Amino acid sequence: MSFDVGLVGKPSVGKSTFFNAATMNDVPEGAYPFTTIDPSVGEAYVRVECAAPEFDHTCTPNLGYCEDGTRFVPVRLVDVAGLVPGAHEGRGLGNQFLSDLNEADVLLHVVDFSGTTDIEGEPTEDHDPREDIDFLEDELDMWYLDVLEKGIERYRSGYHGEEAAIEEDLATQMDAFRTNKDEIKQVILSLDLELDPDTWDDEDREALAREIRKRTKPMVIAANKMDTPAAQENFEEITDDPDYDHLTIVPTSAHAEKALKNGDEQGVLDYLPGDSEFEIVEDVPGEKATALEQISEFVGEYGGTGVQQAIETALFDELGSIAIFPGARKPQEDGTFLQDCFVLEDGATAEDFAYFLHTDIGDGFLHAHDVRSGRQIGADTVLDHRDVVEITTTN
Ligand SMILES: Nc1nc2c(ncn2[C@@H]2O[C@H](COP(=O)(O)OP(=O)(O)OP(=O)(O)O)[C@@H](O)[C@H]2O)c(=O)[nH]1
């Protein structure tokens, strides 16, 4: 099991550059968890401070890798194709695109902040990136509204059991959005609406669709091409705009990330993905040196190229996921230590973790230990990011 980060964006925003940069990794052979021939799925990583140094041992990662005390834990990056020109002319988003969106746990919307591509992805000047952000949100809201209306019809036509409950019919209809009746009820009440669709007007239904969309389609904006002055200006303006407070916007330069990873691969420089600095280790010709100098200034100012940061923000901040190390205090007999680190859902308990590790244990979960303190923890203990947990089962 792994989390899927869905990458979306209109043409020419730098989505391919982002995808390639994020999935181009110098990983030891055999360390790829996802054997896939689908070119739209790639392995990206989230950084987690390794727990091994706390125990004075060196970790031996099974998947991903560890460098300078940072574990690079694999996650799936899915290129969700199909945010195409013409969709905004009322043709709407394609069904395949929409169902692919439902597969992703969290979305990364790559937006060209330089304003040099119009809404269809054609070259232009001074295009306001807010249009692209609004476009995707509005299209998603219309899709949700459509499904919500069907749920209301279902309620009215009495497909339900004895006791009519609008939240149940909506939850059934909106099942693919990974919501449930409790969440829907919560949303209805949070908007000060009654649990009776006959009292809702158009605006109420739109507000409901939007709110359910916001909760079920967590999304982060990757403000791309931030290495250009125009993008930096737009970034300042949009992050100051209260209409965009509900969004997390991460400044990125996919271009810079790609250049740094290329340089690292060629042995020209030393770069650890996500770092805000890198070291040039070989003499480079004038033009290249100037380009690297510009990248160096950029990553210094923005704390990195933003590619790692965007993926981590999506997974850890927006989705609230946590990374857990299964393990013991000491290396195994074969010398392996803290081989794994897994990304789990927000709120995961010790018992959830046991079933995640051993899907077939049935009733065999015995107990869990917090390895740092050595204390036993209850099955329903909610785990924290970077916990090291030892699970004992009967088999
Ligand atoms: N300045 C700058 N240019 C970038 C950046 N990322 C991508 N580009 C450029 O933007 C153009 C489009 O990049 P792509 O990665 O092909 O864009 P895409 O969104 O995948 O576009 P399609 O393949 O048409 O869907 C290319 O000329 C890239 O070099 C960036 O971070 N900064």
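Predicted model: local features only at pLDDT ≥ 70, side-chain atom pairs only at ≥ 80, totals over all residues.
These entries record what I looked up in the structure above.

**Model and confidence.** Residues are numbered from 1 along each chain as its sequence is written. I noted that pLDDT is the predictor's confidence in each residue, from 0 to 100. The protein chain averages a pLDDT of 91, and 93% of the residues score at least 70. For the complex, the predictor gives an ipTM of 0.97 and a pTM of 0.93.

The ligand is surrounded by 15 residues, the closest being Pro 11, Gly 14, Ser 16, Thr 17 and His 255. Two or more residues of this shell come from each of helix H1 (15–23) and helix H8 (254–265); helices are DSSP runs (H or I, at least four residues), numbered from the N terminus. H1 gives the most, with three residues. By class, I found three nonpolar, nine polar and three charged residues in the shell. In this scheme Ala, Val, Leu, Ile, Met, Phe, Trp, Tyr, Cys and Pro count as nonpolar, Asp, Glu, Lys and Arg as charged, and the others, Gly among them, as polar.

**Domains.** The chain is divided into domain 1 (4–48 + 77–129 + 218–318) and domain 2 (137–215), with bounds from an automatic or database domain assignment. Their C-alpha centres lie 34 Å apart. The contact between them takes five residues from domain 1 and four residues from domain 2, where contact requires C-beta atoms, placed from the backbone, within 7 Å.

**Leu 7.** I looked up the contacts of Leu 7, leaving aside neighbours within four places in sequence; among them are Lys 15, Phe 18, Phe 19, Leu 77 and Leu 108.

**Asn 95.** I located Asn 95 in helix H2 (residues 95–103). Asn 95 is classed as exposed because 10 other C-beta atoms lie within 10 Å; exposed means 12 or fewer such atoms, buried 20 or more, and partly exposed in between, with C-beta atoms placed from the backbone. Asn 95 and Gly 82 are 13 residues apart in sequence and 9.5 Å apart in space, C-alpha to C-alpha.

Technical notes
Near = placed C-beta within 6 Å. Contact = placed C-beta atoms within 7 Å.
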